[in-house]
Amino acid sequence: MIPGGGQPNMQQLLQQAQKMQQDLQSAQEELARTEVDGQAGGGLVKATVTGAGELRALKIDPKAVDPEDTETLADLIVAAVHAANENAQTLQQQKLGPLAQGLGGGSGIPGLPF
């Protein structure tokens, strides 16, 4: 038999939920400040995004610029931004994954983005 009449301690559950929510918010704020890079063309094009996926910088080596072939440059830019976003997603999973599991991630709880 569970002490206290078999009812879970709601105050304790609410405190745990609030703590997890604060941890999640802190992790999201950290992601927004953290920058990750991606590159393409052996480093000819480099993109920097935040852990939240916001593009912050784009560096293009002059060797990548060919006025006769802007299509290749565009492809390199897209690939670099894509690589940076993949790195940002990996960072998000590292930072938010454990928190999402603690909040019941994937269980269909309304209002949670995971």
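L58, I60 and V65 together make a nonpolar surface patch of about 230 Å². Keep in mind that this is a predicted model. V65 sits in the loop between β3 and α2. With a relative accessible area of 48%, V65 is partly exposed, because that term covers everything between 20% and 50%.

The loop between β3 (55-60) and α2 (70-102) also holds D69. D69 belongs to a negative surface patch, formed with D66, E68, E71 and D75. At 31% relative accessibility, D69 counts as partly exposed. Patch members need over 30% relative accessible area, so D69 with its 31% qualifies.

**The overall layout**

Stepping back, the chain has two helices and three strands. Read from the N terminus, the elements go α-β-β-β-α. Buried residues account for 21% of the 114 residues in the chain.

**Inside the core**

What does the largest nonpolar core look like, and which of its residues touch the most other members? The core has 16 residues, and V36, V45, V49, A64, L76, A80 and L96 are the ones that touch the most other members. Two or more residues come from each of α1 (10-33), β1 (35-40), β2 (45-50) and α2. Of these, α2 gives the most, with seven residues. As background, nonpolar side chains in soluble globular proteins tend to be buried together.

**Salt bridges**

How many salt bridges turn up in a search of the whole structure? The search finds four. In general terms, side chains of opposite charge can pair when their charged atoms come close. Here are some of the pairs, with their N to O distances:

| Pair | N to O distance |
|---|---|
| K95 and E30 | 2.8 Å |
| E35 and R56 | 3.6 Å |
| E54 and R56 | 3.5 Å |

Take the pair of K95 and E30, whose side chains meet at 2.8 Å, N to O. K95 has a relative accessible area of 32%, which makes K95 partly exposed. E30 is partly exposed too, at 32% relative accessibility.

Next come E35 and R56, which meet in a salt bridge at 3.6 Å, N to O. Here the link runs between strands, from E35 in strand β1 to R56 in strand β3, and the two are 21 residues apart. E35 counts as partly exposed at 46% relative accessibility. R56 falls into the partly exposed class as well, with a relative accessible area of 42%.

R56 has another partner in E54, and their side chains meet at 3.5 Å, N to O. E54 is partly exposed, with a relative accessible area of 45%.

N85 counts as partly exposed, at 26% relative accessibility. In sequence N85 and T50 are 35 residues apart, but C-alpha to C-alpha they are 8.4 Å apart in space.

L91 lies in helix α2 as well. Is L91 buried or exposed? L91 is buried, because its relative accessible area of 13% is under the 20% limit. L91 and A52 are 39 residues apart along the chain, and their C-alpha atoms are separated by 8.9 Å.

Technical notes. Residues are numbered from 1 along each chain as its sequence is written. This is a predicted model: local features need pLDDT of at least 70, side-chain atom pairs count only at pLDDT 80 or more; totals for chains, interfaces and linings use all residues. Side-chain values use heavy atoms; hydrogens and water are left out. Patches are made of residues with over 30% relative accessible area and no salt bridge: like charges are joined within 9 Å, nonpolar side chains (Val, Leu, Ile, Met, Phe, Trp, Tyr) within 5 Å. Accessible areas come from the Shrake-Rupley method with a 1.4 Å probe; for residues, only the protein chains shown count as cover. Lys and Arg count as positive and Asp and Glu as negative; His and the chain ends are not counted. The place of a charge is taken as NZ of Lys, CZ of Arg, CG of Asp or CD of Glu. Helices (H or I, at least four residues) and strands (E, at least two) are DSSP runs, numbered from the N terminus. Buried means under 20% relative accessible area, exposed over 50%, partly exposed in between (1.4 Å probe, protein chains only). A nonpolar core is a set of buried Ala, Val, Leu, Ile, Met, Phe, Trp, Tyr and Cys residues joined through side-chain atoms within 4.5 Å.
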